[in-house]
Protein chains: 2
Amino acid sequence: MSPVRNPPAASTAADGDWRARLRARGYRLTPQRQFVLDAVQALEHATPDEIFAHVRERSAGVNLSTVYRTLELLEEIGLVTHTHLSHGAPTYHSATVKQHVHLVCRACQQVAEVEPEVFAPLVQRLHADKGFTTDVQHLTVFGICQECAS
Amino acid sequence: MSPVRNPPAASTAADGDWRARLRARGYRLTPQRQFVLDAVQALEHATPDEIFAHVRERSAGVNLSTVYRTLELLEEIGLVTHTHLSHGAPTYHSATVKQHVHLVCRACQQVAEVEPEVFAPLVQRLHADKGFTTDVQHLTVFGICQECAS
DNA sequence: CTACTTGCAAACTCTTTGCACCATA
DNA sequence: TATGGTGCAAAGAGTTTGCAAGTAG
């Protein structure tokens, strides 16, 4: 491992939790993983590249492939999730943050957030009609925002 | 243009319409475009690669980049739309077919379809609350299907 | 000390683009 | 005949992988 500067101090309340989660599955706690998780929590809706850039500002010795591997790992143990807000890159966000659904404007590309409660009736109906359990966190709604509509 | 065999016969009722649409915008009617549109209508939920393969079975002389260019063109003039059903490739479908929303199971990757009416209340609420005009056609709901839930 | 992690570089997938040739209108 | 369209090959994003060296526990 190359020049990895002082790892970030434990920042969130759930921090102890994530260390435990790692250990419980035989994973190790590394500065890189801490940097990546911190970046996800700090940035909100960040692509792997943006996360990489954010981590790089703090530590020169973190590689892009490590970012990818770490995101996969963090998602596997349920600490982050991802959504596709646009064509190309997925965006990651912390799973500990309050859930929300994304509204993406196809005209101006702006992203708004909505409380998941708005989707509760839909979720219930899909479950009743089709037996389908909706992953609201992963939902993205495309359309046209108020400004662009006029 | 290389060995492009007999272009497919006009197949859908809207066929005359699409020729008109092309012409109206100064585009030309080519066998390649007809093959690609036919493939989209025949396959339903096909990726560019799958469309390419389907077209290739019928005509050796169609190039993958032409498929991409044609899909972009057909989408621009409103004959096809696309959605992201999984991580990587977008899937294209005919815009003339009855609208539907996709339910994607994250466990078995199976795709189900739902009538867009189910989403009407949600669409109305998003419009009322946020002024957001939902593009239902482009909507994809991820979750767990009935079989995988048990 | 040992197994898990990382950095590096190369490989891969999917998509786009430049350019000369070809065919539609 | 004049553009617009196509094939081909090369270039680009974004992501994954093999392997040797490094490190957490």
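**Reading salt bridges in a predicted model**

B:Arg58 is partly exposed, with 36% relative accessible area (buried means under 20%, exposed over 50%, partly exposed in between, with a 1.4 Å probe and protein chains only).

Student: Which side chain meets that of B:Arg58 in a salt bridge?

Tutor: Side chains of opposite charge can pair when their charged atoms come close. Here the partner of B:Arg58 is B:Glu57, at 3.3 Å from N to O (a salt bridge is a side-chain nitrogen of Lys or Arg within 4 Å of a carboxyl oxygen of Asp or Glu). B:Glu57 is exposed, at 57%. This is a predicted model, in which local features need pLDDT of at least 70 and side-chain atom pairs count only at pLDDT 80 or more, while totals for chains, interfaces and linings use all residues. Side-chain values use heavy atoms, without hydrogens and water.

Student: How many salt bridges does the structure hold over all chains?

Tutor: The total over all chains is 10. One of them joins A:Arg125 and A:Asp129 at 3.1 Å, N to O, and both residues lie in helix H5 (residues 120–130) of chain A, four residues apart, about one turn of the helix (helices, H or I, of at least four residues and strands, E, of at least two are DSSP runs numbered from the N terminus). A:Arg125 is partly exposed at 37%, and A:Asp129 is partly exposed at 46%.

Student: Where do B:Arg106 and A:Asp135 lie, given that their side chains meet in a salt bridge?

Tutor: Their N to O distance is 2.5 Å, and the pair crosses between chains, from the loop between strands E3 (101–105) and E4 (111–114) of chain B, which holds B:Arg106, to the loop between strands E5 (133–134) and E6 (140–144) of chain A, which holds A:Asp135.

Note on methods
Residues are numbered from 1 along each chain as its sequence is written. Chains are lettered from A and ligands numbered from 1 in the order in which they are written.
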